[in-house]
Amino acid sequence: TKKVTAPTSKSDIVKLYNTAAATASSKKPGYKKSTNTVLSNLQMGALSSISAVRDAIGGFLGEGSSSSTVSKGKFDGNSLVKSSLKAGDVSSASCTLSSDGKYYNVKITVVNETNPKKGSSALGRFTKDYKDIDEIKEGLKEVGASVDTMTVKTTEVTINAKIDAKNNRFVSLSHNINMKAEMGGVKYTFIKVNKASASLETNVEYSDFKY
């Protein structure tokens with residue numbers, strides 16, 4: 001049998017992660033997923049005293065928790081994305097082999113970016129568990145609020161995966177997404193705030209994979 005070695009280059013580690021995501025996409029395993037988004041450092045002047053606005057902003061920034069169990073064969077590509085990450089999307093990557101040689105432990109740090117769109121940004125190439133700028137603006141519109149300008153920046157994004165070295169199957173997986181949202185000229189009813197900002201941290205955990 002061929003001795004398993006852990007990949008060392010950024011491109012090989014990204015390829016390993018993409019292969020594990022593609023394997024999940026084709027084999028359609030069952031798994032458990034939990035998502036938790038916490039909003040902090042919300043600064044929005046006069047609007048902060050209106051709880052409806054606080055709730056609305058939390059809502060369309062994706063605040064809250066959810067958990068689900070995906071049964072085997074039900075893989076939909078939204079809950080767990082078939083990744084198309086590129087080496088250039090990644091600022092650092094490491095991979096170690098477990099002491100028994102059975103598992104790869106992968107850690108990938110994704111580059112920070114501004115207004116990451118779904119599908120066409122580093123973040124959007126491996127997850128849909130965040131609100132992009134179009135969705136946030138849509139959410140604002142739904143509650144009758146508006147913004148003149150909006151910027152969402154990722155501040156730290158990491159992927160941690162445990163992958164079976166024998167068959168490239170995920171054993172466990174987590175995504176940690178930190179962002180800062182800045183809004184200018186926020187209007188709601190008769191109140192207008194020049195600047196509003198918030199930090200967001202989203203933790204996504206996948207476990208209990210059944211292939």
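Colleague: First things first, what makes Phe-209 count as buried?

Modeller: Keep in mind that this is a predicted model. The relative accessible area of Phe-209 is 13%, and buried means under 20%, so Phe-209 is buried.

Colleague: And why is Tyr-211 called partly exposed?

Modeller: Tyr-211 has a relative accessible area of 22%.

Colleague: Then what makes Asp-55 exposed?

Modeller: Asp-55, which is found in helix H2 (residues 51-61), has 54% relative accessibility. The cut-off for exposed is over 50%, so Asp-55 counts as exposed.

Colleague: Back to the rings. Why is the pair of Tyr-31 and Phe-209 called tilted?

Modeller: Their ring centres are 5.6 Å apart, and pairing needs centres within 6.5 Å. The planes sit at 35°; under 30 degrees would be stacked and over 60 edge-to-face, so this pair is tilted. Both Tyr-31 and Phe-209 are buried.

Colleague: What does that pair tie together?

Modeller: Tyr-31 lies in strand S1 and Phe-209 in strand S8, so the pair links parts that are 178 residues apart in sequence.

Colleague: How do you know that Phe-209 and Tyr-211 are stacked?

Modeller: Centre to centre they are 6.3 Å apart, with 25° between the planes. Stacked asks for planes under 30 degrees apart, and this aromatic pair has that label. Phe-209 and Tyr-211 also belong to one aromatic cluster with Tyr-17, Tyr-31, Phe-170 and Tyr-206. Over the whole structure, the search finds 5 aromatic pairs.

Colleague: Now helix H3. Which of its residues are buried, and how do you know that they line one face?

Modeller: In H3 (residues 133-142), the buried residues are Ile-133, Ile-136, Gly-139 and Leu-140. Looking down the axis of H3, they fall within an arc of 120°, so they line one face of the helix. An α-helix has 3.6 residues a turn, so residues three or four places apart point the same way. On the other side of H3, Lys-141 and Glu-142 are exposed.

Colleague: What covers the buried residues of H3?

Modeller: The cover includes H2, strand S5 (145-146) and strand S6 (149-164). After H3 comes Gly-144, with a positive phi near 80°.

Notes
Residues numbered from 1 in each chain as written. Predicted model: local features only at pLDDT ≥ 70, side-chain atom pairs only at ≥ 80, totals over all residues. Heavy atoms only, no water. Helix = DSSP H or I, 4+ residues; strand = E, 2+ residues; numbered from the N terminus. Buried < 20%, exposed > 50% of the residue type's maximum accessible area, 1.4 Å probe, protein only. Arc of directions from axis to C-beta. Contact = heavy atoms within 4.5 Å. Phe/Tyr/Trp six-rings, centres within 6.5 Å; stacked < 30°, edge-to-face > 60°.
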